[in-house]
Amino acid sequence: MTQTSDNVTWLTQEAYNKLKDELEYLSGPARTEITIKIAAAREEGDLRENGGYHAAKEEQGKQELRIRQLTQLLEHAKVGEAPADDGVVEPGMVVTIAFDGDESDTMTFLLASREYASGDIETYSPQSPLGVGVNGKKAGDDAQYELPNGKKATVKILGAKPYTA
């Protein structure tokens, strides 16, 4: 789970290991694979109209960007424990809210860094307007956050539990 503060990202040991494994793969075997793809496409001839070559180069650029992101993230990471199951909203918690206090209009999401985004649960950054609004609140509290149009929205915190993968 993560909590970003002054360029420090807090991670559980499990999350740190997962990101480190991804970095090792991208820096090693994946780099070799993309280099082979580029070399094979280059041998096809004219590079100006070689779609395979341009696609492989684009893939390489995305991969190198991810390597830089992971390197920076892990350099500034602090490994710690998952948040306590105390009902207080903080990064690493699965939060359930009700919009305008209407308990029939709810949403559940993970408050965490985007590195944890998955298809399993919607993820909101602690720096997002909603993340800032709910952070530090507990079940029963109301929280306000700013909508893109500048208006304020109110949500009621229904619960917060530590995320388990």
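Reply: Happy to! pLDDT is the predictor's confidence in each residue, from 0 to 100. The protein chain averages a pLDDT of 85, and 87% of the residues score at least 70. This is a predicted model, so local features need pLDDT of at least 70 and side-chain atom pairs count only at pLDDT 80 or more, while totals for chains, interfaces and linings use all residues. Residues are numbered from 1 along each chain as its sequence is written, and side-chain values use heavy atoms, with hydrogens and water left out.

Me: Where does pLDDT stay under 50?
Reply: Over residues 1-6. Where pLDDT is low, the predicted coordinates should not be read in detail.

Me: OK, new topic: how many helices and strands does the protein chain have?
Reply: Four helices and eight strands, taken as DSSP runs (helices H or I, at least four residues; strands E, at least two) numbered from the N terminus. The order from the N terminus is β-β-α-α-α-β-β-β-β-α-β-β.

Me: And at what angle do H1 and H3 pack?
Reply: About 145°, with the axes of H1 (residues 13-27) and H3 (residues 51-75) 10 Å apart. Axes are lines fitted to C-alpha atoms, for helices over the stretch in contact, and angles run from 0 to 180 degrees between N-to-C directions.

Me: Which residues in H1 meet H3?
Reply: Tyr 16, Leu 19, Lys 20, Glu 22, Leu 23, Leu 26 and Ser 27, where contact means heavy atoms within 4.5 Å. Their partners in H3 include Ile 67, Leu 70 and Leu 74.

Me: What share of the protein chain is buried?
Reply: Buried residues are 34% of the 165, buried being under 20% relative accessible area with a 1.4 Å probe, protein chains only.

Conventions: Buried < 20%, exposed > 50% of the residue type's maximum accessible area, 1.4 Å probe, protein only.
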